[in-house]
Amino acid sequence: MVLVLAVRDYVNRMLQDISGMKVLILDSQTVSIVSVVYSQSELLQKEVFLVELVDSISMPKESMSHLKAVYFLRPTSENIQYLKRQLAKPRFGEYNLFFSNMLNTTQLHILADSDEHEAVQQVQEFFADFVAIDPYHFTLNTPSNHMYMLPAVIDPPNLHNYCDRIVDGLAAIFLAFKRRPVIRYSRTSDIAKRIAQEASKLMYQQESGLFDFRRTEISPLLLIIDRRDDPVTPLLNQWTYQAMVHELIGIKDNKVDLGNVGKFSKDQQEVVLSSEQDAFFKANMYENFGDIGMSIKRMVDDFQQVAKSNQNIQTIEDMAKFVDNYPEYRKMQGNVSKHVTLVTEMSKIVEERKLMLVSQTEQELACNGGQGAAFEAVTNLLNNESVSDIDRLRLVMLYALRYEKESPLQLMQLFNKLASQSPKYKPGLVQFLLKQAGVDRRTGDLYGNRDILNIARNMARGLKGVENVYTQHQPLLFQTMESITKGRLRDVDYPFVGNHFQQGRPQEVVIFIVGGTTYEESRSVALQNAMHSGVRFILGGSYLLNSKRFLKDLEEAQRIARSSSGVV
């Protein structure tokens, strides 16, 4: 069962058994969980006439006893306090309480004591504690996502909450799928190890009864890895549709905010990009930018044909037919307009920032050797007035990650040039990245130059040539999935938690990246699953990254590291 269907099923079960007019009450996180799988029109069909946030109805308002309240909340102490106050003065006819994860006994007692008016009809746990962006990709939208990047000597008070949220999300995934996994983690990452151990403790000790499902022959695998094992992927420009929209404009919970990009009418300022609700997007989300233009042209041509036939109304029958097809026509018109707008805006940004030029050098830095040529290419781009500050920073970072041990002198020259050309960035940001995600800190063979098999594969690719210079990069995740499929994931790099081990190849694998995933990685997962190799992969992360967000987390981590007893 895929993620989107799992969450839709939970939402259906919440709404369909409660007859009559309903109000759906969510919190700041469950609003994302519901909105990516359920549209407003679908909620209306379930007789949900009002959607409110739990913190906005804490003020006493007029009574609405004709409405039945359906609460879907994360089981946090803050939400329990909101409920306690709202149950003391009930506004709605009845209260149906659903929580996205496990309630503890204390929380249940508070709810029971607060329900003096006996308004609560039911309390249930529905394990949809994750945002199902695509069928095989979820995120947790974890606040304070920079936490994973802090040096181990700093133990910030919020780190506990950060890890707890991830463990909750992982528990919900496996409870929704009715499985208990064996757990492995990235050897060089303290935070991946901590989360792996806490998840194991929860699933095998504290709540072992809850996770005691009928055993499959081979247990599923939960692999917890660290974003710092592959800092290259979130730094690269993207050239496939979904990833490119997120990199250049930004996607949040499958919605794109066009308000900052250009002047659009109110109904066009926010558009939905969902593979579940948009057939064109589903067919083209992984296609490269050049092919998207051709696909959109075909879609525009099809629409013009439909528009022409609608102009030719001569009889009553024609009119009736037009009225019947009008909603579909409007939907098609909106879709055409949405995709044309997105591609037009991205083309403008590509031209303004000279991204084709920049991206060619990025891909060379990520995929091919040749330090002398790379130094020259990066220097030329730093001197180019048309190249933006963020692109200069990313180029220097990509060069530094690749050649940190090989050319310290030339690296210093690039640091100095970046400081003079783009003074807005804090000095030492590139060095901080190397301390946190440099070669000595990484698990895995990021550049394919440590392992003899990877060296051979890269040589073969070099001889064969690449189809498209802008999309030749493959994330480290691709190698990791290949190793799992072939039963070659090394225990020494990815140890098991506890005395578990795996005989045979797992058929279901959840890979969770602490620090966040990218759309390039979710594309790799979708393509891998389409190959039907006998292993089904699901990708999850603490956040959905583009280069802007990755750099923001890096800057925040650097700021905290500096202010904490002078550690840089």
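Which helix gives the largest share of the lining of the second largest pocket? That would be α6, with 7 residues. Before going on, some ground rules: this is a predicted model, so local features need pLDDT of at least 70 and side-chain atom pairs count only at pLDDT 80 or more, while totals for chains, interfaces and linings use all residues. Residues are numbered from 1 along each chain as its sequence is written, and side-chain values use heavy atoms, with hydrogens and water left out.

Let's stay with that pocket. Its volume is about 980 Å³, where volume is the space filled by probe spheres set on grid points joined across faces, edges and corners. A pocket here is an open set of points on a 1 Å grid over the protein atoms alone, where a 1.4 Å probe fits, with protein on both sides within 12 Å along at least five of seven lines; lining residues have an atom within 4 Å of a point. In this case 33 residues do the lining, and Arg74, Thr76, Asp164, Arg165 and Asp168 lie nearest the centre.

Asp168 and Arg74 meet in a salt bridge at 3.2 Å, N to O, the cut-off being a side-chain nitrogen of Lys or Arg within 4 Å of a carboxyl oxygen of Asp or Glu. Asp168 sits in α6 and Arg74 in the loop between β3 (64-73) and α4, so the pair ties together parts 94 residues apart in sequence. Arg74 is buried at 8% relative accessible area, whereas Asp168 counts as partly exposed at 27%. (Buried is under 20%, exposed over 50%, partly exposed in between, with a 1.4 Å probe and protein chains only.)

Another bridge, at 3.2 Å, N to O, runs between Arg490 and Asp493. There, Arg490 is partly exposed at 47%, while Asp493 counts as buried at 15%. Shared partners also join Arg74, Asp129, Arg165 and Asp168 into one network.

Now for the largest pocket, which holds about 1,400 Å³ of space. Its lining has 40 residues, with Ser39, Val271, Val272, Gln277 and Lys338 nearest the centre. Helix α11 gives the most, 10 residues. By class, the lining has 16 nonpolar, 12 polar and 12 charged residues; Ala, Val, Leu, Ile, Met, Phe, Trp, Tyr, Cys and Pro count as nonpolar, Asp, Glu, Lys and Arg as charged, and the others, Gly among them, as polar.

Finally, have a look at α19. Its 12 residues (519-530) should span 16 Å at 1.5 Å a residue, and the end C-alpha atoms are 16 Å apart, which agrees; the expected span is 1.5 Å times one less than the number of residues. This helix is mostly covered, with 9 of its 12 residues buried, including Tyr519, Val525 and Asn529.

Technical notes. Helices (H or I, at least four residues) and strands (E, at least two) are DSSP runs, numbered from the N terminus.
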